[in-house]
Amino acid sequence: MRGKRRGPKSSAPPRFLFVTACFGRGALDLKRSRLRFPAPPSCPECLSVHLDTIHGFSLEPGSWQQEDIFRPRGLHGWLTVSERFARFVERHGFTNLRLTPSEEYIWEPLAPHPLPGTKHGSA
């Protein structure tokens, strides 16, 4: 651990907290999101479905309830954060996380991974 500011170095590590993100009311907008799945969701509440790929996603207008960190309905395994949280991360210099706009997020578990410095999908 290293400090961001100059001054005396602390010998004791800071106190850490465990975080559990809530399951938010924000729901996938299946019409505006670019998702591929073998069958549409059978439950209109949880929108739980097996996804093959994600090439960007959006939330249903009016379904998000101002949570800053949450798991949207339909993407229970993915953490989603608000723009307000992204600004907080930038302002405080947080490390060890990568924030990607939801419209640009790509998840293709069976696709070959691109080589460093190449565009996704090209060799």
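This is a predicted model: local features need pLDDT of at least 70, side-chain atom pairs count only at pLDDT 80 or more; totals for chains, interfaces and linings use all residues.
Two strands count as paired when DSSP finds at least two bridges between them. Keep that in mind for the sheet.

Three strands form an open sheet in the order β1-β4-β5, and the pairing is mixed. β1, residues 22-27, and β5, residues 80-81, stand at the edges; each has a single partner strand, so one side of each has no neighbour in the sheet.

β1 runs parallel to β4, residues 69-73, and three bridges join them. Ala27 stands opposite Arg73 in β4.

Those two residues come up again with Ser63. Where is Ser63 found? Ser63 is in the loop between β3, residues 53-55, and β4. Is Ser63 buried or exposed? Its relative accessible area is 10%, so Ser63 is buried. Leaving aside residues up to four places away in sequence, Ser63 touches Arg25, Gly26, Ala27 and Arg73.

Last, the cysteines. A disulfide is a covalent bond between the sulfur atoms of two cysteines. How many disulfides does the count give here? With sulfur atoms required to lie within 2.5 Å, the count comes to zero. Take Cys43 as a case. The closest cysteine sulfur to that of Cys43 belongs to Cys46, and the distance is 3.6 Å, which is too far for a bond. Cys43 has a relative accessibility of 29%, so it counts as partly exposed. Cys22 is also partly exposed, because its relative accessible area is 36%.

That is the tour.

Notes: Residues are numbered from 1 along each chain as its sequence is written. Side-chain values use heavy atoms; hydrogens and water are left out. Helices (H or I, at least four residues) and strands (E, at least two) are DSSP runs, numbered from the N terminus. Buried means under 20% relative accessible area, exposed over 50%, partly exposed in between (1.4 Å probe, protein chains only). Contact means heavy atoms within 4.5 Å.
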